[in-house]
Amino acid sequence: MAKTINMCVRVDPELKAQAEVILEQLGMNMNGTINMFLNQIVREKRVPLNLSLNNEQSVLPDIAISKQERESGIEGIDARKLLEEMKKIVSDAEAQDKKTKRK
């Protein structure tokens, strides 16, 4: 992995704590998750969020889309391969984080 930089982000402490609990249950950490998010932005050339001011679409749009994708299936995606790729990204990010802390 290339050289890394440190980022400083202001986040509500309670929101961070709640997210860390969920990530820990998933076997993930904040650093790896943020790296996955940034990789997805670069790969898809978009922010992978559904944002809307329309009241009809404001009720949990991500959940509705996820449900629809699960029901219809997503062509061309092997869930096991995707999970392995995600684990590798997290592992690489954690290794880089450890390497950076040693310096």
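What share of the 103 residues in the chain is buried? Buried residues make up 8% of the chain. Here, buried means under 20% relative accessible area, exposed means over 50%, and partly exposed lies in between (1.4 Å probe, protein chains only).

The model is predicted: local features need pLDDT of at least 70, side-chain atom pairs count only at pLDDT 80 or more, and totals for chains, interfaces and linings use all residues. Residues are numbered from 1 along each chain as its sequence is written, and side-chain values use heavy atoms, with hydrogens and water left out.

The chain has four helices and zero strands. Along the sequence the pattern reads α-α-α-α. Helices (H or I, at least four residues) and strands (E, at least two) are DSSP runs, numbered from the N terminus.

Glycine 32 sits in helix H2. Its relative accessible area is 0%, so glycine 32 is buried. Glutamate 94 is 62 residues from glycine 32 in sequence, yet the two C-alpha atoms are 6.5 Å apart in space. Proline 48 belongs to the loop between H2 and helix H3 (61–72). Proline 48 counts as buried because its relative accessibility is 18%. Leucine 38 is ten residues from proline 48 in sequence, and 9.6 Å separate them in space, C-alpha to C-alpha.

The loop between H2 and H3 also holds lysine 45. Lysine 45 is not a glycine, yet its phi is positive, at about 55°. With a relative accessible area of 74%, lysine 45 is exposed.

A nonpolar patch lies on the surface. Ile5, Met7, Val9, Val11, Leu15, Ile34, Phe37, Leu38, Val47 and Leu49 form the patch, with about 920 Å² of accessible area together. Patches are made of residues with over 30% relative accessible area and no salt bridge; like charges are joined within 9 Å, and nonpolar side chains (Val, Leu, Ile, Met, Phe, Trp, Tyr) within 5 Å. Accessible areas come from the Shrake-Rupley method with a 1.4 Å probe, and for residues only the protein chains shown count as cover. Helix H2 (residues 30–44) gives the most to the nonpolar patch, with three residues. Methionine 7, a member of the patch, is placed in the segment before helix H1 (13–25). Methionine 7 is exposed because its relative accessible area is 56%.

Methionine 7 is also linked to a pocket. The second largest pocket holds about 880 Å³ of space. Of its 24 lining residues, Met7, Met30, Asn31, Ile34 and Asn35 are the closest to the centre. H1, H2 and helix H4 (79–102) are the elements that give two or more residues to the lining. By class, the lining of this pocket has twelve nonpolar, seven polar and five charged residues. Ala, Val, Leu, Ile, Met, Phe, Trp, Tyr, Cys and Pro count as nonpolar, Asp, Glu, Lys and Arg as charged, and the others, Gly among them, as polar. On a 1 Å grid over the protein atoms alone, a pocket is an open set of points with protein on both sides within 12 Å along at least five of seven lines; lining residues have an atom within 4 Å of a point. Grid points are joined across faces, edges and corners, and a volume is the space filled by probe spheres set on the points.

Side chains of opposite charge can pair when their charged atoms come close. The structure holds three salt bridges, each a side-chain nitrogen of Lys or Arg within 4 Å of a carboxyl oxygen of Asp or Glu. Glutamate 20 pairs with lysine 16, and their closest N and O atoms are 2.7 Å apart. Both residues lie in helix H1, four residues apart, about one turn of the helix. Glutamate 20 is partly exposed at 33% relative accessibility, and lysine 16 is partly exposed at 37%.

A salt bridge also joins the side chains of aspartate 92 and lysine 88, at 2.9 Å from N to O. Helix H4 holds both, four residues apart, about one turn of the helix. Aspartate 92 is partly exposed at 34% relative accessibility, whereas lysine 88 is exposed at 51%.

Arginine 46 and glutamate 44 meet through their side chains in a salt bridge of 3.0 Å, N to O. Arginine 46 has a relative accessible area of 43% and is partly exposed. Glutamate 44 is partly exposed, at 32%.

Technical notes:
1 Å grid on protein atoms, 1.4 Å probe; cavity = no way out; pocket = protein on both sides within 12 Å on 5 of 7 lines; lining within 4 Å.
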